Structure formats: C-alpha cells, structure tokens
Amino acid sequence: MADDTHLDHRPSSEPPIYAPKASAAMIEAQEPAGRWRRAWDSDIAYSFRRSPVAVVSAVITLIFFIGALFAPWLAPQNPFDPASLNLMNGFTPPMTDNAFTGEQFLLGTDNQGRDILSTILYGSRISLLVGFASVIFALILGTVLGLLAGYLGGWLDSVIMRIADVQLSFPAILIALLIFGVARAMLPRDMQNDVAIYVLIVAIGLSNWVQYARTVRGTTMVEKNKEYVHAARLIGLHPFKIMVRHVLPNVTGPVLVIATIGLALAIITEATLSFLGVGVPPTQPSLGTMIQVGQDYLFSGEWWITFFPGLALVLLALSVNLLGDWLRDALNPKLR
Amino acid sequence: MRIRTAFMTGVAAAILAVTPASAETFRFAFQGPLNSLDPHSLNETFQLGFLGNIYEGLTRRGTDLAIQPSLAESWEIVEPNRWRFHLREGVTFHNGNPFTADDVIFSYERATSEGSDVGQKMPGVVAVERVDDYTVDFVTDGPNPILTAEFDTWYIMDQEWAVENGADVVTNVAEADREFFANRNANGTNAFMIQEHQSDVRTIAVPNPDWWDEAEHNLTEVIFQPIQSDATRVAALLSGEMDLVYPVPLQDQQRVDENDGTTALTGPELRTIFLGMDQARDELLYSNVEGANPFHDRRVRLAFYQALDVDAIQQVVMRGASTPSASMVAPGINGFPTDLERYPYDPDAARALLEEAGYPDGFEVQMNCPNDRYVNDEAICQAVVGMLGRIGVTVNLLAEPRSVYFGRVLAQGGYDTSFYLLGWSPGSIDSYNPLYNLVQTRNTDTGSGTFNLGGFSDAEIDQLANEVLVETDPDARGDLINQAWQRLHDEVGYLPLHQQALSWGVADGVNVAQRADNVFRWRHTTIDN
C-alpha cells in the first residue's frame, strides 16, 4: 500500500495550466510587494486554488495542526492529568447532562470521565508528533542510505538494497511491532512509559525508510551521470561534497511528495499500534487508544467513545493523504 | 410441493434419528488464554478451574461448594496429627496407567517443589506416607481441622507418566522461555481429556470413556477459545458461535439478557479485589522516594485508602455490579467480619495524612495491573491513578496481560512490584485461606504469605492466624478470625476495593451450574436436543 501510491499516476482532473497565465504573472510581478504576489501567482499556488479537494484538505489539516498545537489552551480539560478527571463523569453522552455531576460535554466522555473533545485534541498531538518525527527520521535515514547506494554503487549498493528488499517483504506494521517489542524488552521498566513515544517514533521510522531510499537511489543514479556532476568531479570535489551539495538538492522533490503521503501512513500506523495496546501508555491516550477503549462499548450504546476519535483519525489521515496526492500531481510536469 | 416438503422432512427426521441424541459439541470462551496445562504452575481460579475438568484432587466440590470425595473415597483422622485417606480403587489416568498411593505422594512432592504455585494448599503437612497401594497418611505438624479445604484444587498427576516424560519439574511461570512437558501435555483422571491444546488459540477436550464416576453431562466435545475483546466475546455469544462466554462485560449484561436465545447469569462472586503495597523492602523498587519506603508508614497507607472513592468505582466503572468492601473476604466466606466499616472517602484527610508523613507534595510510584484477569481491572487501575493523583501521588500505570503480570508479581518473579491490584477468592471458602496466603508474614518454610505480594508483616496477626489453624471450637475460631481481620483493618495492611459479580452469558438450551467461586465445571453441563 505504501509503495504504490506514488507510482499510481492517475490522470489529473485539473485543466492544464497555460503559458499565458504564467506570462501575466510575470507582468504583475513588477509591482511592489512582488514576492507574495509571485508566490500567489506561481504554478503551484494556482493549481492549489483551482483544486477544491486540496483547499478543503489543507483547511482540515490546518485545523488539526492548530488544535494540536494549542491544545492546552483550547481543550476544556487536560486528559493526560489523571488528577483532573472525575470518574463520576464517565460515560456521559454528547451534549447531555451527566446523571451524577450534571456536567455537559460537547462530544461526551469515555469510561474514565475524560472529555472526548479534549482527548482528541491532545491525542492528535501525539499522532502528529509521532507522524512528523517518524517521517523525518525515515526520510533522513532513507535519503542518506539511498544517496550512498545510488552514488557509490558497488557492494554498498547491493547490501543496502538487499536489506531494503528483505524489509519490503514484511508489512511495515509487523516491523514496527518487532522493533517496539525488542525495545521494550531491553529498556528498564521504570523508563518504559517515559520513552514509549520515542520508541514509537523510531519503530515507525525504521519500518518506513525503504521507499525513501529506493526513490533517492533511482534519482541519484540518473543525476550522477549528468554533466554538472561530471564537471564537479573533474574539478576534484570530494564525492561527499558532490552528493550533498549537487546531487541532493536535485533529488528532494520526489522525496517530499512521498513524505507527505508517508505522514498519513505514519499517523495510521501509530493509531494501529496504540489500538493493539503497544503504543503510548493508557493514561496518555492517543486516537488509536481511544478507538480501542471505545470499541468495547460500541455495541452497548456508548458509540461516541469510539466514533469521534475514529472520525478525527479518518479526517486527519484522509486530508493529509489528499494533500499529498495533490502535491504529487502538481509537481509532476508530465501531468500538466 | 407438499409431497416434496414431506419428503424433505422425512429425510431430515432420518438424519436426526441416526445422529446419537447426545452428540453435543460445547463451545465456550473466556477473556484470557489457558496459559498452561500444568496443574501446579499457577494458583489462579481460571487455570485451576479449567484443569479441574481434566485432573482431579483427592476431594472435589459440588455445585454448592460442599466438599465431596473424589480420588479419595473416604478419610479419617487417626491421630490428631495424622489424616488417613482411603483411595478409590480401579481409577486409571487418561493414558491407562492405574492410580495408586505413589501418585499421591509424587503429586505432593511435585506441588511442594520449587517453582510450584500450589504448595500452600497443604498447610502444615510435613510428610505423606504410604500405608498400602490405596491408603496414604498425611502427617501434619499440628492439628489442622481444615486440612482438606483446598485438596479439591491440588491435582493428582501420574508419577510414571511424569517421570517418563521429564514432567516431574513444575512449569515455572517466571521462565516463559523454558519448555516444560507438563505445560503442553496433560494426563489426568477426570471426566475430560485434552485432545488439542494451543495456548492463545484454542483447546479441545473430549469425554473420558473410562471415568470412574457416572457422567452427568451429555457433551461429546468441549472447545475452548480465549477472546480478549469484550465486544467480540459478546458478539460470539449473540451470533450463536459460542454456547457460553464469561465474563460478559457489565455494559452488555442487559443486551445479552434481552436478546432472543441468550441469557445473562449473574450473582455475587466470592472474589475480593484489592490493592497491595510493597511493605517488605527498605526502598521501593519503582518510586522516586530514595532511602525510605513510604508504605512502611501507616499514615501513607491510610492516605491511599481514604483517597479511593470506591462508590465512584462501583457506580461508573462497575456499573453497580460490585459491592464495596471493608474486608478482604466476601460475605459468603466463613469468618466474614460483619462489623468492619470502610474508612471514609476523604481526599482532604488523605492529603493531610501524607503531609504529616513527610510527603506534602506526594511522591511517584509504579502500579502493576493485569488487563485481562478481573472485571474491568485496567479501568479500575486507571481510576485509582486519577484518585491518587488528586492527593498528589503520581502513579505510573503498567497494565499487562495476566501471563506477564503474574510472572512479574508472584513469588516466582521475586515479588517485582511496588503497588499492585489483585483479586482473591479463598479456595477453601474460609477466612483462614486469605489470612494464611495474603496476610501472614512470608515464610518459605511454612508456605505462609506466598501471595502476600507486598510482604505485609504483623506479629499479632501471624499469631492469630496460627491459632485459627488449630482451633477446633467454631465460636472461638470465629472470634480469632474476627480479631485478625480487625487488626488488619487497623493496620491498613491492604486496600480492599470491592467484591465483583459473576457475569456469564449462556445460550438457551445450555444448562450449566454457576458456582459462586466462578469455577466452571463441565461435568454439570448439558445441552438440550
């Protein structure tokens, strides 16, 4: 699922961007404050404005970002602080008075009296943090290995790419589970809850570096035979300098597109791990933990405990994914 | 059409006629897996309850929990310190080996050997002597009027089979990586035999055609599957995939009862859920307090006690299906202290107590909790974390499946815990059992305090419990038990929470006996045709 998204070149439904538009932009660019104007009129921005899907998903993503970033100020309650919870508020339906305390909650509460809305805000913090950090981790690791494999070639290339092949033959979630399990077994017990989130980041990151490595390697192999690289080599630059200063900037485009789609996948992987009960500690619920908690009550009438976090996860993952799709199409000159 | 229908009905009737009337496969699910087939590896109700369908003890209990003869036909006290058991003749193990006195002696030695979790079921026994092939004597170090109280869950294993297969070593729950023969193979004398066992997946048993007793059930096959998810377990019952599931989560009892074709069987359980604190070590293993153990201070223990809002747990987490308790035993247990009252819930008093004890800002401690053993165990622990948080104590919750949890906190794991949740239902239905197992000072020689995971120790209670064991006058004995429970309450040695409720879901047409100790005996089960 992870590797074929970027290979899937669906024809864009967007009308092609015509040259006259671009020249008009150039004329206007003469005006003062031209930099913002130029950005506004650039191809990317134009295609963004013309794509309702991109605009809507960008808005939703932005709402999640703001919600997660400012959760301590926006959320009515801090669900990660057990002392602030009142057990008697447990199982309050959305927008209904609690039978014991009379309190009301917009999206209801879970079995511990946690406000669902607050938990979604705080939970999406974990989701986004783990998502971003693990994507950055995988991106750096994959890019470095891919660059080395593609540029240096030889046995190093074979070793790295065979490891990648082996890893690709397992589902990413299995690898993440394995890494998580090994890490937990090695770490002392009183540290486990504190470092769970970092272990999660490394586990998800390590399970996803292959796509980056493969893409970077392929692009690097193309780039390294181009004249500017030959020229750089002729003037005697160190291979590492060529890789970093000359090849790397030319391979980042496709990598960033994979990263956007990878972000949605990482968010879902985190939710899956938490759902399986191996992620963050139960007192710091992420979206996956909440879905898991609520799943026990789904058929018993308390649907909101699992429904709202589930809806939030779907919205977040879908909008990030659609944004990635749009970015891929917009950056692909063949689709214009 | 009519002819055809009649014809089909005829065929159906013919098929029904050739199928034996008693051909009944019975399927049931529990929330956790059957961890081991070794009858001496773990003293836990589900495991011993399950294996009690395969293995037998010298005694057994009926559906009313009364003691009945089983592998021992009768017994008598020949001297104050010597009990004589007359064994049933003509009993064979599932592999055909005959049952004799040697098997009893072997099982006694195995159950009291290193790694065993059931050695405390024979308190005070110093020797088991063979009189002849079908007579054995149990010699005790003092009079013990309730010696046989737990013989129903101390199971007899075949010596020849065990020695042949290297199964004389007891499966140690703390050594999860080691292979033990008896962990995966069983050879008992009871009404059912294991046909297939895959821990975590399923276990299949079939009736033992050579069982010595008259079979009351009409089952031809029993299939057990662990289903951890509450919703899935209930769905399996409602869809007809399972004939019995337990526990039915509290939120689904009504739905199971109202559904056509299923019934919820509920009732008070003899199990008490409580919290224990490490009071043995000079410094807690998992806490930020260095050089001291805060739980040594009664004020800290009382602060924890008064911080717990058991009524909130009862109303929300347990949905009313629990009885908050001041005592470590349920009302159905002999010696239940009727006058004990809970210390009132009072977070302000608790904070004051903590401050007085020198922890004005509280402290940090790790809590161990099973997440698939007791009714809503993890939710109770989370609620406790919140309640203690309100008096400034930061509790780091480690909730784990029971196989991992028990391997950690029990004696075999070295009591590796600072603060934990446990449930206990006295196998003997008598207060001496929890006094001996949970409250008396840990002592590997006498076997007392094996499940005193926090190492609570009080000389007065130790003395009282020893007197309870040998006292034969019921009134004096009851008085001693009462004193012991009162003393434990005064000392706040444990933090009792509540008695949970039995909650089974049964398909219509399935008749089962629900015992108050939550043990499921297949031999009382019939399926209507």
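# Close-up views of a predicted two-chain model

Buried residues make up 43% of the 336 residues in chain A, where buried means that 20 or more other C-beta atoms lie within 10 Å of a residue's own, exposed means 12 or fewer, and partly exposed covers what is in between, with C-beta atoms placed from the backbone. This is a predicted model, in which local features need pLDDT of at least 70 and side-chain atom pairs count only at pLDDT 80 or more, while totals for chains, interfaces and linings use all residues. Residues are numbered from 1 along each chain as its sequence is written, and chains are lettered from A and ligands numbered from 1 in the order in which they are written.

**View 1. Chain A is built from 14 helices and zero strands.** Helices (H or I, at least four residues) and strands (E, at least two) are DSSP runs, numbered from the N terminus. Read from that end, the elements of chain A run α-α-α-α-α-α-α-α-α-α-α-α-α-α. Two residues are said to be in contact if their C-beta atoms, placed from the backbone, lie within 7 Å. Among the contacts in chain A with a separation of 6 or more, 70% join residues 24 or more positions apart.

**View 2. Helix 6 (residues 116-152) of chain A packs with helix 12 (residues 239-275) of chain A.** Two packed helices are described by the angle between their axes and the distance between the axes. Here the angle is about 145 degrees and the axes are 7 Å apart; axes are lines fitted to C-alpha atoms, for helices over the stretch in contact, and angles run from 0 to 180 degrees between N-to-C directions. Helix 6 of chain A passes helix 12 of chain A in a right-handed crossing. A crossing is right-handed if the near helix is turned clockwise from the far one by less than a right angle, and left-handed if anticlockwise. Look for A:V130, A:F132 and A:L139 among the residues of helix 6, and for A:M243, A:V255 and A:L263 among those they meet in helix 12. By class, this contact has 17 nonpolar, five polar and one charged residues. Ala, Val, Leu, Ile, Met, Phe, Trp, Tyr, Cys and Pro count as nonpolar, Asp, Glu, Lys and Arg as charged, and the others, Gly among them, as polar.

**View 3. Chain B meets chain A through 26 residues of chain B and 23 residues of chain A.** On the chain B side, helix 6 (230-238), helix 9 (310-317), helix 11 and strand 15 (394-400) each supply at least two residues. Helix 11 of chain B gives the most to this side, with seven residues. The residues of the side of chain B that touches chain A divide into 13 nonpolar, seven polar and six charged.

**View 4. The largest nonpolar core has 153 residues.** A nonpolar core is a set of buried Ala, Val, Leu, Ile, Met, Phe, Trp, Tyr and Cys residues joined through C-beta atoms within 7 Å. The members that touch the most others are B:V245, B:I313, B:M367, B:I380, B:V384 and B:A484. Helix 11 (residues 377-389) of chain B provides the largest share of this core, eight residues. Domain 1 and domain 2 of chain B each contribute at least three residues to this core. Leaving aside its neighbours within four places in sequence, B:M367 is in contact with residues including B:C381, B:V385, B:L397 and B:F419. A second, separate core of 74 residues includes A:F105, A:L145, A:A203 and A:V210.

**View 5. Chain B is assigned domain 1 (19-261 + 508-527) and domain 2 (269-501).** These bounds come from an automatic or database domain assignment. The C-alpha centres of the two domains lie 28 Å apart. Their contact takes 32 residues from domain 1 of chain B and 31 residues from domain 2 of chain B. On the domain 1 side, the residues divide into 13 nonpolar, 15 polar and four charged.

View 6. B:L65 is partly exposed, with 15 other C-beta atoms within 10 Å. Phi of B:N518 is near 65 degrees, again positive in a residue other than glycine. B:N518 counts as buried, with 22 C-beta neighbours inside 10 Å.
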